[in-house]
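The following exercises concern a protein model with its sequence. Please work through each task before reading its solution.

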Amino acid sequence: MRRVDVLALVLGVVFSAVAMLSLWLSLFGSINWEAVRIAAPLGLVSLGIVGLALSRNRN
Amino acid sequence: MSSIWTIRRSATDTKLTGLCGGVARYLGVDPTLIRVGVALLALSGGVGLVLYLAGWLLIPVEGKTGSTIDDLLGSQARRWSKEIWVAIVVVACIISFAIFGALTPFGVGPAIILAGIWYFGFYKNRRPPQTDASPPPAVEVPQTREYDFITHSGPPTPFTEAAEAWRKRIEDHAGQTSWQQAASNDGAPDGPAVWPTPSSGNVEFPSSPDDPELEQRRAFLAEADPVGLYPPAVEVVQARTPAPQRADSRPARVLRLVSLIVLGLTLAALGLADYLGAAVPVVAYFGAGLLVIGLALMIAALLGRARGLLPLGILLLIGLLTTSAISTAVRYGDWAQTQHSYTNVAQLPPNGDSREFGRLTTDLSELSLTGDITYRAHVDMGTLTIVVPPEARVRVNYTIDSGAVEVFDTVVAAGNELRDAYQPEAPTASGPTLTLDLSAEMGKVVVRR
């Protein structure tokens, strides 16, 4: 089974999240920043854990 | 490794460009520490991003002589001295910090902490540097070596005769071959030293043709290397380690092609919508492009990552953050706003008002009109807002390179190269006309009562 490219996965998720946030902000104009302040750190920590888990040495 | 200019990006320990791996090897620390440091510096006004980009552009990868900037600019980049590049990087860091310093959460704190850790934890405790002018410490290499041989005092035996012959051969070899010459084979930095095979030499051996064992010993000792102690001398060629080139798999290449096509179609669709009057902000272009590349990278995590997607995503992210910061600053920053208010015609500036960047608001709501007058205003990039008297007859002549015109809550025009006149319905049947000559290179013109 092909190994997942963790760097591409993590950066792809980050890029997509930032892009969707900016698109929403520029097209609709309002964002609940209180929710972002909670969701962003949680999301980043979760992403880091996923990245660590996927990139561990399986040998 | 006495000069910082000897740093090379790693060709093997790479996550993005191999810069952190190369710096970590230069400093002798774990690459993860360098990567964490760059991430922290990126939060310090974007300085980490600027430094990383500069390192990627200016530092060659190991095994290569040219840097990325040389590949991009050719021989033109080589003419610029290192000091000029350092000055450019410093200025870029200052600009980055000036723009993003107020937006990033940690300010200059991470940069100061990292600088302190580097100075007190590494630089101050480093070994005394070797200057390039001083030669490396000389290694004492004996030209000849003294051997302590045990001399047998008793009657000769076959063993002592063989030992004596062998002793003479060693002395002969030590006299003929200098150790320095032998050490010159040490051209390969990590390879084992190759010592020359000794010659057979002049072996004095008692002649006794009747003794077959003695003949065998003589034949044995006549050979230069009878038991293969010395490997055959091979010419050591210092081979440069070529930078490994990762070959993209076919699915990865297809994915890259599809991604670029989708990216082009997305940007074209946004441009078409903008042309048709949808007033798409610049941030949306970068956001849509980044979304396409982000989704492509997620798919690439399974199919294989093609070269080019990640740098493109990083460039789009930088563009997105930059345009977002500028638009936010223009929208909310007091420093980017200018407000004028005129109550009579004599106060109006003959050449109008202008602003290069930001918001320009002119309040003419209290202006007393005694006859037809013309007011001019211009912004290079930003928003131009004119508040006109409630009962005034208004004519708007607008010239906008890229942007939109909004008159009395109605979008009159949007897009590029807007040059026209608009006269809304007048509230009164007669009276003086206020003509507004409004222009913007990139931005929005708003007229309201």
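**Exercise 1.** Determine how many residues of chain B are in contact with chain A, and how much area the two chains bury between them.

*Solution.* With contact taken as heavy atoms within 4.5 Å, 25 residues of chain B touch 19 residues of chain A. The two chains bury about 1,700 Å² between them, 77% of it on carbon and sulfur atoms; buried area is the accessible area (1.4 Å probe) that two parts lose on being put together, summed over both. B:Leu291, B:Met298 and B:Ala301 supply 27% of the area that chain B buries against chain A, more than any other three residues.

This is a predicted model, in which local features need pLDDT of at least 70 and side-chain atom pairs count only at pLDDT 80 or more, while totals for chains, interfaces and linings use all residues. Residues are numbered from 1 along each chain as its sequence is written, chains are lettered from A and ligands numbered from 1 in the order in which they are written, and side-chain values use heavy atoms, with hydrogens and water left out.

**Exercise 2.** State which helix of chain B gives the most to the side that touches chain A, and classify the residues of that side.

*Solution.* Helices here are DSSP runs (H or I, at least four residues), numbered from the N terminus. Helix 12 (282-303) and helix 13 (309-332) of chain B each supply at least two residues of the side facing chain A. Helix 12 of chain B gives the most, with 14 residues. By class, this side of chain B has 18 nonpolar, five polar and two charged residues. Nonpolar means Ala, Val, Leu, Ile, Met, Phe, Trp, Tyr, Cys and Pro, charged means Asp, Glu, Lys and Arg, and the others, Gly among them, are polar.

**Exercise 3.** Find how many salt bridges there are between chain B and chain A, and over all chains.

*Solution.* A salt bridge requires a side-chain nitrogen of Lys or Arg within 4 Å of a carboxyl oxygen of Asp or Glu.
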